[in-house]
Amino acid sequence: MKPLTNVDLFKTPLVVKITACVLIFITFFYLGRHWSSNGYQQLIFFSSAPPKSVAISPNFGKSFNITALISQNQSQSVPDKTLSLAPLPPPMTGQSSPMDQSSQSDTNQTFGIVDSDGRMNDDFEVGEFDPEVVEDWGNETGVESGEKDVRVRVKRFELCPESMREYIPCLDNVDAIKRLNSTERGEKYERHCPGEGKGLNCLVPPPKGYRQPIPWPRSRDEVWYSNVPHSRLVEDKGGQNWISKEKDKFKFPGGGTQFIHGANQYLDQINKMVPDIAFGSHTRVVLDVGCGVASFGAYLLSRNVLTMSVAPKDVHENQIQFALERGVPAMVAAFATHRLLYPSQAFELIHCSRCRINWTRDDGILLLEVNRMLRAGGYFAWAAQPVYKHEQILEEQWEEMINLTTRLCWTLVKKEGYIAIWQKPFNNSCYLSREAGITPPLCDPNDDPDNVWYVDLKACITQIPEDGYGANITKWPARLHTPPDRLQSIQMDAYMSRKELFKAESKYWAEIIGGYVRSWHWKKFKMRNVLDMRAVFGGFAAALIDQGFDCWVLNVVPVSGPNTLPVIYDRGLLGVMHDWCEPFDTYPRTYDFLHAAGLFSIERKRCNISTIMLEMDRILRPGGRAYIRDSLDVMDELHETAKAMGWHVSLHDTSEGPHASYRILTCDKRLLRP
């Protein structure tokens with residue numbers, strides 16, 4: 001056989017084909033690179049081999065008219081595969097957007113300085129806003145927000161008058177309070193929201209000289225005077241070690257009316273009196289009634305205890321504002337005529353130190369509300385003059401308290417110095433063995449003790465569930481991820497079992513927060529006071545704890561959905577019931593971060609989106625952030641409303657891609673100046 005020469009080799013059909021394929025591949029490769037670099041498409045290349053990497057085209061982060069794009073591609077929309085209970089998108093992956101990178105840059109410039117060695121140093125004075133996060137706003141009229149091709153146009157909101165800088169709509173409704181038939185039982189301190197058409201329609205301004213809040217944990221001990229410019233508490237309580245003013249700051253020594261030597265010593269005393277209280281293990285969630293500036297709760301945080309500190313907006317009206325400025329969980333609330341907005345069996349310990357509440361009035365109706373919220377086997381600690389002073393009037397008050405608590409089947413476990421501690425029974429056996437006709441009676445079995453939205457107080461004893469629900473909880477921290485028994489009592493439409501829903505939600509948010517930490521560098525955020533506006537089972541808050549964030553989360557359960565609030569407390573978290581078509585019971589500028597997942601697509605059927613957005617602006621601090629995850633059909637309006645409020649916004653895809661039915665709107669609130 002004749003051997004092949006070089007010329008014969010290249011004439012064979014196989015070699016010709018291979019050569020042609022190589023040439024075509026090289027041609028398309030260079031055309032593809034040129035096409036991508038011109039920015040006409042978004043090409044993302046993933047590499048699974050170590051080290052893993054992601055390359056993103058120049059189109060990443062550009063804003064588009066999403067509604068128009070989707071309307072042209074309806075046939076390619078991705079079906080919703082999320083849980084029916086919480087219709088949320090999957091976690092976002094990839095790199096941080098230009099907006100987030102600039103925000104991180106602002107944070108670094110504000111909270112760190114570079115020393116002579118080129119190292120970042122945090123030993124400096126905090127407070128001045130970076131010029132990039134300050135915006136001259138004014139009150140021009142007729143200015144519209146948005147691009148020409150959007151479907152929604154929102155006129156720019158004006159700044160409210162200076163007199164409204166601490167406005168709480170439902171608690172400052174003077175006209176409604178004047179029309180009350182009676183104020184004997186504290187009715188004027190309860191919610192009286194503005195009527196339709198009279199709600200907030202402007203941006204609540206900060207006080208003059210407002211400064212970037214001092215970060216936690218320094219804020220526990222000091223805050224800027226200019227942020228809460230009120231000195232009445234200093235004048236009234238200066239001798240009780242609550243608060244003092246030094247130059248341009250308020251200082252908090254950690255004392256209180258009944259513990260002027262410090263909260264830590266006071267907490268040690270309670271633990272020694274009743275070792276079973278076991279702060280941080282058996283006792284995880286506490287309610288502090290009449291909290292002052294919340295030093296009791298502030299010092300419990302270091303013992304792994306979350307305390308909801310509550311007080312009315314009374315003569316010491318700024319005490320809750322001080323607490324939140326410090327970075328301590330707190331809400332404006334009053335024991336008056338309605339149930340507090342917390343579920344039954346929520347707290348392991350309820351504490352009252354000189355809280356100025358007459359617990360025995362009206363057949364003990366206020367102490368019965370404490371009994372409703374107190375977990376089976378939980379404790380009530382009372383530090384007040386009737387406990388330790390031997391004066392006739394005070395001794396009579398003590399006898400009334402002993403009589404009432406005995407009829408409630410509470411056990412006085414310890415009385416020492418000026419503190420008395422009672423324990424609630426673990427079951428109903430004592431209640432059922434009482435003599436006939438003893439008051440207060442047991443509540444009607446049909447009365448739902450977890451129904452709290454505008455529900456009147458009732459002078460009856462809430463029974464403990466016979467199946468032990470609410471009492472059989474594990475110790476902290478295991479309870480954070482243990483499905484509680486009360487999952488079974490939640491009324492909801494679900495195809496999956498409740499335990500499966502619980503675990504799925506926890507896994508879902510763990511993945512999302514993990515993605516945020518990697519992609520958007522959340523660990524660099526100044527995030528102390530966090531509000532989850534639609535919390536479901538509290539999976540978002542649990543994920544933040546697992547990631548080691550030094551923050552606390554108030555989990556809001558909207559009245560428009562299933563009441564999952566008992567589950568949130570059984571997990572060892574804080575929460576509250578609320579209707580987002582009404583204002584929230586907190587001062588302006590009290591949260592660093594607002595999170596709303598699937599909220600607006602539900603609530604827009606009941607109220608205007610701008611109503612909720614304006615309330616978000618009221619309670620969010622300048623320099624704070626809001627993350628909104630929701631469906632495309634509300635994104636245009638959310639986007640334009642946010643810009644009309646002066647927020648800097650950016651719209652992001654989820655991992656489902658540009659044709660998915662959900663988006664993430666990230667918002668930065670600027671400091672607006674007239």
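How many nonpolar, polar and charged residues does the lining of the second largest pocket have? The model is a predicted one, and in it this lining has, by class, 19 nonpolar, 12 polar and 8 charged residues.

## The second largest pocket

The volume of the second largest pocket comes to about 700 Å³. Its lining is made up of 39 residues, of which Gly-290, Pro-312, Asp-314, Cys-355 and Arg-356 are the closest to the centre of the pocket. Several elements contribute to this lining with at least two residues each, namely strand 11 (285-289), helix 8 (295-300), strand 12 (306-311), strand 14 (347-353) and helix 10 (361-373).

## Strand 11 and its partners

Strand 11, one of the elements that supply the pocket lining, is mostly covered, with 5 of its 5 residues buried. In a regular strand the side chains alternate between the two faces of the sheet.

With strand 12 it pairs in the parallel sense over 5 bridges, and here Val-285 stands opposite Leu-306. With strand 14, which also runs parallel to it, strand 11 is joined by 4 bridges, and in this case Val-289 stands opposite Cys-352. Strand 11, helix 8 and strand 12 together make a β-α-β unit that is right-handed.

## Disulfides

A disulfide is a covalent bond between the sulfur atoms of two cysteines. With sulfur atoms within 2.5 Å taken as the criterion, the count comes to 6 disulfides. When the bonded cysteines of the protein chain are numbered in sequence order, the pairing reads 1-4, 2-3, 5-6, 7-8, 9-10, 11-12.

One of these disulfides joins Cys-160 to Cys-202, with an S to S distance of 1.9 Å. Because the torsion about the S-S bond of Cys-160 and Cys-202 is about 105°, this disulfide is right-handed. Cys-160 lies in the loop between strand 7 (154-155) and helix 5 (174-178), while Cys-202 lies in the loop between helix 5 and strand 8 (222-224), so the pair ties together parts that are 42 residues apart in sequence. Both Cys-160 and Cys-202 are buried.

Another disulfide is formed by Cys-170 and Cys-193, whose sulfur atoms are 2.0 Å apart, and with 105° about the S-S bond this link is right-handed. The pair links distant parts of the chain, with Cys-170 in the loop between strand 7 and helix 5 and Cys-193 in the loop between helix 5 and strand 8, 23 residues apart. Buried here means under 20% relative accessible area; Cys-170, at 1% relative accessibility, therefore counts as buried, whereas Cys-193, with a relative accessible area of 23%, is partly exposed.

Cys-443 and Cys-460 also form a disulfide, with their sulfur atoms 2.0 Å apart, and the link is right-handed with 90° about the S-S bond. Cys-443 and Cys-460 are 17 residues apart, each in the loop between helix 13 (429-432) and helix 14 (498-519). Both cysteines, Cys-443 and Cys-460, are buried.

## Helix 9

Is helix 9 (residues 319-326) enclosed or exposed, and how many of its residues are buried? Because 8 of the 8 residues of helix 9 are buried, the helix is largely enclosed by the rest of the structure. The buried residues are Gln-319, Ile-320, Gln-321, Phe-322, Ala-323, Leu-324, Glu-325 and Arg-326. Gly-327 follows helix 9 and has a positive phi, near 95°.

## Cavities

Rolling a probe the size of a water molecule over the atoms shows where empty space is left. A search of the whole structure finds 6 cavities of 30 Å³ or more. The second largest cavity holds about 240 Å³ of space. Of the 17 residues that line this cavity, Arg-191, Ala-334, Arg-339, Leu-341 and Asp-585 are the closest to its centre. By class, the lining of the second largest cavity has 12 nonpolar, 1 polar and 4 charged residues.

Terms used
Residues numbered from 1 in each chain as written. Predicted model: local features only at pLDDT ≥ 70, side-chain atom pairs only at ≥ 80, totals over all residues. Heavy atoms only, no water. 1 Å grid on protein atoms, 1.4 Å probe; cavity = no way out; pocket = protein on both sides within 12 Å on 5 of 7 lines; lining within 4 Å. Points joined across faces, edges and corners; volume = space filled by probe spheres on them. Nonpolar A, V, L, I, M, F, W, Y, C, P; charged D, E, K, R; others polar. Buried < 20%, exposed > 50% of the residue type's maximum accessible area, 1.4 Å probe, protein only. Pairing = 2+ DSSP bridges. Right-handed = clockwise from strand over helix to strand, strands pointing away.
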